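Q: Hey, I'm new to this one. Could you walk me through it?
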Amino acid sequence: MPTTIANLRAPLHKRVPAALQRRAAMLRHRGATVACPVCGHAFDRFKDDWNRPNAICWRCGAHERQRALWLYLERHPELLAGAGELLHFAPEWCLERRLRAVPGLRYRTADLDPRLGELQLDITEIALPDGSVDAVLCSHVLEHIEDDRAAIAELARVLRPGGWLLVMVPLDVDRAATWEDPSIVAPAERQRAFWQYDHVRLYAPDIAERLRAPGLQVERVRWTRALGPALAARHRLLDADDVFHCVRPAAAAPG
Ligand SMILES: [Zn+2]
């Protein structure tokens, strides 16, 4: 996430060799075994990530979760067609360039770091009016946020009634309950406990309950399974990359 964007915003003299290297890698890995739905290129395999092989698109840098999320948006065209205004937290470059090209979509990026988004927003205190956005993308953000319940409440607040929010997080699908322990703060300990040095918890599928707390309707979509094994292999998707599809109810619940 931020690493990719930061690299792209590196000084020009550092970017040019990176672009040439990327070009060379794309040629070296030309093939038809795997395909990236985000940029449309096919390869013999994807680039390895630090902890797993065959993960990252040579062309656009999309990881499994970004390929899964783009496929979800493609297979549900009514989402973007009806969105009007879409707010994208911690925008991934590969998705940003596709979303900016969607006709009629008012697309804005947001990040706590002003270099990484058009709007500098603290997700736990979003400086936008109630009900002011139609749709929000929030992928691999909440696991970094100490008060994720505040963030979820804020996301629900800024959504207009009937608006949608797609959430993805690193998910331990075998875990019964989300694990957090505020005493675990050292990067190495967080790496061991929560899978990455800057994660503050490890989510289980019960994240759906946290998302429901401010009144959102939440569906846990087992998206990779829904696509089936052939597409999962073709696009190299991970079984745990579930999409939590949230909707702010159009009318307040009675009582
Ligand atoms: Zn790609």
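Q: How many Å separate the centres of domain 1 and domain 2?
A: Taken over C-alpha atoms, the centres are 23 Å apart. This is a predicted model, where local features need pLDDT of at least 70, side-chain atom pairs count only at pLDDT 80 or more, and totals for chains, interfaces and linings use all residues. Residues are numbered from 1 along each chain as its sequence is written, and side-chain values use heavy atoms, with hydrogens and water left out.

Q: And which residues make up domain 1 and domain 2?
A: Domain 1 covers 2–56 and domain 2 covers 64–247; the bounds come from an automatic or database domain assignment.

Q: How many residues of each are in contact?
A: 20 residues of domain 1 are in contact with 22 residues of domain 2, contact meaning heavy atoms within 4.5 Å.

Q: New topic: which residues are the protein donors of the zinc ion?
A: Cys-36, Cys-39, Cys-57 and Cys-60, each through SG, lying 2.3 Å from the zinc ion. Donors are N, O and S atoms within 2.8 Å of the metal (3.2 Å for Na, K and Ca); water is not among the atoms, so sites may look incomplete.

Q: What spacing do the donors follow along the chain?
A: The zinc donors follow C-x2-C-x17-C-x2-C.

Q: Is Cys-36 buried or exposed?
A: Buried, because its relative accessible area is 2%. Buried means under 20%, exposed over 50%, partly exposed in between (1.4 Å probe, protein chains only).

Q: What about Cys-39, buried or exposed?
A: Cys-39 counts as buried too, at 19% relative accessibility.
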